[in-house]
Amino acid sequence: MSDNQRENIIKAASEKMRLLGIRSVSIDDLCHDLGISKKTFYVYFETKDALVDALLRHREQDVIIEVERKNKGKHIVDLLLGLIKVLKDLKDVRQVPPLLYDLKKYYPQLLQDHLQRLKLINRDIAARYLQQGVQEGFFRADVDVEVTARIVAALHQVMMDKMAEAQNHPSIISDTKIAMDIFFRGLISEQGAALIQSKLNAKS
């Protein structure tokens with residue numbers, strides 16, 4: 001059994017399902033695109049559900065790798081400003097991605113499991129960056145990192161749940177910005193507030 005072949009199947013499925021949704025992509029389609037037989041496909045995945053689960057777990061690992069790659073060596077202020085920029089870039093998002101829509105409608109348990117794993121991943125990432133912020137003097141020294149990280153993860157899950165609830169979701173970005181503003185104002189130290197203001201002034 002080849003790990004490369006398994007990765008190729010997951011990659012092909014991810015690309016097609018991201019654009020078309022899960023229901024619109026058949027196992028026959030994937031086998032045709034990859035030039036493999038259905039017998040070969042079933043060596044790696046017993047069912048389409050098993051493929052979707054593997055796809056989601058693969059995307060979770062990609063999240064971890066990408067966060068590490070983009071944020072390695074950055075000051076906590078730059079990380080926070082980067083998050084703000086991401087929210088601004090998402091201002092035109094209005095439609096639920098086909099993959100997420102199909103997950104909610106046809107694979108609710110897989111979606112629930114995926115979101116729970118993402119919540120744990122986000123909690124761990126948040127805890128690491130909160131601790132970094134405390135050490136750099138950006139966040140208050142008395143911040144309870146573990147509890148705060150759980151709140152950050154919960155806020156992220158609320159945003160994901162809202163995205164899965166409706167085709168149109170123009171309030172998601174504005175709601176998240178408000179939540180972030182309230183949340184971080186309670187965490188940032190006086191030194192941190194002055195530092196982020198100087199960064200914003202430099203960018204304007």
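Student: Which residues does Phe139 touch, not counting residues up to four places away in sequence?

Tutor: Phe139 touches Ile76, Tyr129, Leu130, Gly133, Val134, Phe184, Leu187, Ile188 and Ser189. Contact means heavy atoms within 4.5 Å. This is a predicted model, where local features need pLDDT of at least 70 and side-chain atom pairs count only at pLDDT 80 or more, while totals for chains, interfaces and linings use all residues. Residues are numbered from 1 along each chain as its sequence is written, and side-chain values use heavy atoms, with hydrogens and water left out.

Student: What makes Ser189 buried?

Tutor: Buried means under 20% relative accessible area, exposed over 50%, and partly exposed in between, with a 1.4 Å probe and protein chains only. Ser189 has a relative accessible area of 14%, so Ser189 is buried. Its place is the loop between α9 (171-185) and α10 (190-203). Gly137, Phe138, Phe139 and Arg140 touch Ser189, not counting residues up to four places away in sequence.

Student: How far from the side chain of Ser189 is the backbone nitrogen of Gly192?

Tutor: That nitrogen lies 3.0 Å from a polar atom of the Ser189 side chain. A polar contact is a pair of N or O atoms within 3.5 Å; within protein, one must be able to donate a hydrogen and the other to accept it, and residues adjacent in sequence count only if both atoms are side-chain atoms.

Student: Which residues have the most contacts inside the largest nonpolar core?

Tutor: Leu51 and Phe139, in a core of 49 residues. Helix α7 (residues 108-135) gives the largest share of this core, 10 residues. A nonpolar core is a set of buried Ala, Val, Leu, Ile, Met, Phe, Trp, Tyr and Cys residues joined through side-chain atoms within 4.5 Å.

Student: How many helices and strands does the protein chain have?

Tutor: There are 10 helices and 0 strands. Helices (H or I, at least four residues) and strands (E, at least two) are DSSP runs, numbered from the N terminus.

Student: What span is expected for helix α4 at 1.5 Å a residue?

Tutor: The expected span is 1.5 Å times one less than the number of residues. With 24 residues, α4 (residues 48-71) is expected to span 34 Å, and its reach of 35 Å from first C-alpha to last is close to that. Among its buried residues are Leu51, Leu55 and Val67.

Student: What caps the N-terminal end of α4?

Tutor: Thr47 does: one of its side-chain oxygens lies 3.4 Å from the backbone nitrogen of Asp49. After α4 comes Gly73, with a positive phi near 80°.
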